[in-house]
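These are my notebook entries on a single protein model. I record what I looked up, with the criteria applied.

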Amino acid sequence: MAQKNRYRIHFMNVIRLITIISFISSTTLTAQKTTAQHGHRVASLVIFGGIMVDGVGTPAEGPVDIVIRNDRIERIARSSEKAKYMQSADAVIDARGKYVLPGFINMHNHIHAAPAGVPQSLQYQFNLWLGAGITTNRLLGGRAKEVRKLIRQSESGEIAAPRIIYYAWFPGGKTEDEIRSAVRRIKASGATGMKCWGIDRDTFRIAADEARKLGLQIAHHVGVEDANALDDADMGTTTIEHWYGIPDAALDGVQSFPADFNHADELDRFRYAGRLWREVDQEKLRTVLQRLVEKGVAWDPTFAIYEASRDLQRALTNPAFADYLHPALKRFFTPSPEHHGSFFAGWSNTDEVYWKENYAIWMRAVRDFERLGGVVTTGEDAGYIYQIYGFAYLRELQLHEEAGFHPLEVIRHATYNGARALGMEHEIGRIKAGFSADLIVVDGNPLANLQILLPQGLNPVLDQQRDGHGGIEWTIKQGFTYHAPTLFKQAREIVREARKNLAEQ
Ligand SMILES: [Zn+2]
């Protein structure tokens, strides 16, 4: 017995020694390897030791090493094999104790060169988007020629920007011929899809028919108008933006507007939008949701962009404003009938109370939609109603959890579901060999708290919890590595500079 124990002790020492040696050699290996550089792409990159969350809703697993060759994920290996892959790597990212997720897909955004007439650099928007982990942006609107240039520059790494999927604005048309040729021009411009807003049912149906023939995708912001979500189901819309068209299709008759309601008045419009969901016939709603699911129409609810309606105080006191609110946006957000969404002069507590209820019913509908088999995506629509690019997107994720989704489901909305809606589910939205190297490395576990995706310096309580760590550390887009704190630092500098310039004028 004693003899055997001695051997065991000896054996344990050998194991310890091996562990120590392998630890030393792996740390030396790490130290020898160059850490990834901001804004660069190398032929071979290894993200090692991270816990991975795939986009499809499966549980977190790891530690794993993710081997990237140029712009592609080459393989995912158990971390114990790391030495093998690290030896041949040009650069590494140490993800030990961190989480790796697919890059986020922002389904609803706009580029704003000069909100309220004040110039705003595109790099400001791009930095905030990338810093928030967004590697793909579905851009709704913008001039085709300029957007094509941005797409090329983003893809080559010439500018730090998410991948851009371009949907051109559908301009409308008087005759059927005009409508169809407008859609054909959109196709010819190289756009992936078109964005429809504020058009009547007949126009929409002709335009959607032409789009379908040409293989153009459709994002429909269907408001309270004669067209509603049932038209989207009929015509095979790709995504319903926001929400109005869905409850509108499930009313028992028309919404009970007061006699003096005026749809052209934004205060009226937003006020009574907050009283739309409560009028829904739940049985009818179920049929509408079912139809959308059957026809494969995805829903991009954009919860965050309406949040000021239920809590104006929260919107006005966003801690991100101190460092990140560009003076152009600040001016645009000042209540004025000339700025879309800046309707809050006259907003009341009663309006907020209605809106809180509105959110609760709306969120339940989004959850029911997914339970029926529907595809829910995440989009921000920032640059309006007190929402800043990137920050609005991260808030959107938090609101999806509030809607009753598990954080794994929220991540799925933000990644795989966006890819599905875009028809790119074999290219982006997952951590899988052969997929585009679009990833984020998070210092902390976002499944435990989605708020840790926010950068440092916004919330002292959260910062204290994180003890100098936390937030997205790297955003990797098509193999290019972007250091998120650097992106935010540059954005703060752009804002500081713009404020100074404006003050000097
Ligand atoms: Zn929009």
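Which residues does D71 touch, not counting residues up to four places away in sequence? I found S436, A437, Q478 and G479, where contact requires C-beta atoms, placed from the backbone, within 7 Å.

Basis of the entries. I note that this is a predicted model, in which local features need pLDDT of at least 70 and side-chain atom pairs count only at pLDDT 80 or more, while totals for chains, interfaces and linings use all residues. Residues are numbered from 1 along each chain as its sequence is written.

Entry: D71. I located D71 in the loop between β2 (61-69) and β3 (72-78). Helices (H or I, at least four residues) and strands (E, at least two) are DSSP runs, numbered from the N terminus. D71 is partly exposed, because 16 other C-beta atoms lie within 10 Å; the scheme calls a residue buried at 20 or more such atoms within 10 Å of its own C-beta, exposed at 12 or fewer, and partly exposed in between, with C-beta atoms placed from the backbone. I computed a C-alpha to C-alpha distance of 5.9 Å between D71 and S436, which are 365 residues apart in sequence.

Entry: A421. I then turned to A421, in helix α17 (residues 407-421). A421 is buried, since 26 other C-beta atoms lie within 10 Å. Not counting residues up to four places away in sequence, A421 touches M107, T238, T239, A298, V375 and T377. By contrast, A421 and Q490 are 69 residues apart in sequence and 32 Å apart in space, C-alpha to C-alpha.

Entry: a helix pair. In their contact, L285, L289 and V293 of α10 meet A365, D368 and F369 of α15.

Entry: the whole chain. I counted 19 helices and 15 strands in the protein. Of its 505 residues, 47% count as buried. Residues 24 or more positions apart supply 75% of the contacts with a separation of 6 or more. The C-alpha atoms fill a box of roughly 95 × 55 × 50 Å along the principal axes.

Technical notes: Two residues are in contact if their C-beta atoms, placed from the backbone, lie within 7 Å.
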